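Hello,

Here is the structure for you to look over. My notes on it follow below.

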Amino acid sequence: KVQTIESSSSSASFKKDMKEKEELDKEQFSDFSKWMKDCLVDKVTTVTPTDRLSSTPMIIVDHESASFRRMMMQVDPKNTPQLPKQQVQVNASHPLILSIDKLRHSEEGLAKDALEQIFDNALIQAGLVDDGRAMVPRINKILQRALDSVTATK
């Protein structure tokens, strides 16, 4: 049976094909997901772990159709509904998630920026971003921090 990975009921699992990797345990993930919900309070309803993802840190599941949203914008641009809060699944063994989890205890501002960017990346992958210009300042800020840390060590 063919099933979209964006369905929360999908039973696909890639974990059995992967070597044992570092990942957040149940308690760590619970703590991380609470922090994530606090950071994305207006954007996320549920945060659950998944082992269905291999190279992606986060996925939006059970979202409304991007095609439907575009059609509604064309039919009546002034009354297009706002993007509702999303359900996300997080790859608890992805290096970005592990890094954000560690970073949130020492550099919370940078960790929040990175989390918001990963969330926006998931929205883009789901086809739910109408205008990506709002994320450009955050991307520039993250890039500047990364470049500053590299040049500071030389």
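Of the contacts (heavy atoms within 4.5 Å) between residues at least 6 apart in sequence, 76% join residues at least 24 apart. This is a predicted model, in which local features need pLDDT of at least 70, side-chain atom pairs count only at pLDDT 80 or more, and totals for chains, interfaces and linings use all residues. Residues are numbered from 1 along each chain as its sequence is written, and side-chain values use heavy atoms, with hydrogens and water left out.

The protein has five helices and three strands, taken as DSSP runs numbered from the N terminus (helices H or I, at least four residues; strands E, at least two). Their order along the sequence is α-β-β-α-β-α-α-α. Of the 154 residues, 34% are buried, meaning under 20% relative accessible area, with exposed over 50% and partly exposed in between (1.4 Å probe, protein chains only).

In α3, I97, L98, I100 and D101 are buried. Seen down the axis of α3, they fall within an arc of 165 degrees (directions from the helix axis to the C-beta atoms), so they line one face of the helix. These residues pack against α1, β3 and α4, while P95 and K102 are exposed on the other side.

Regards
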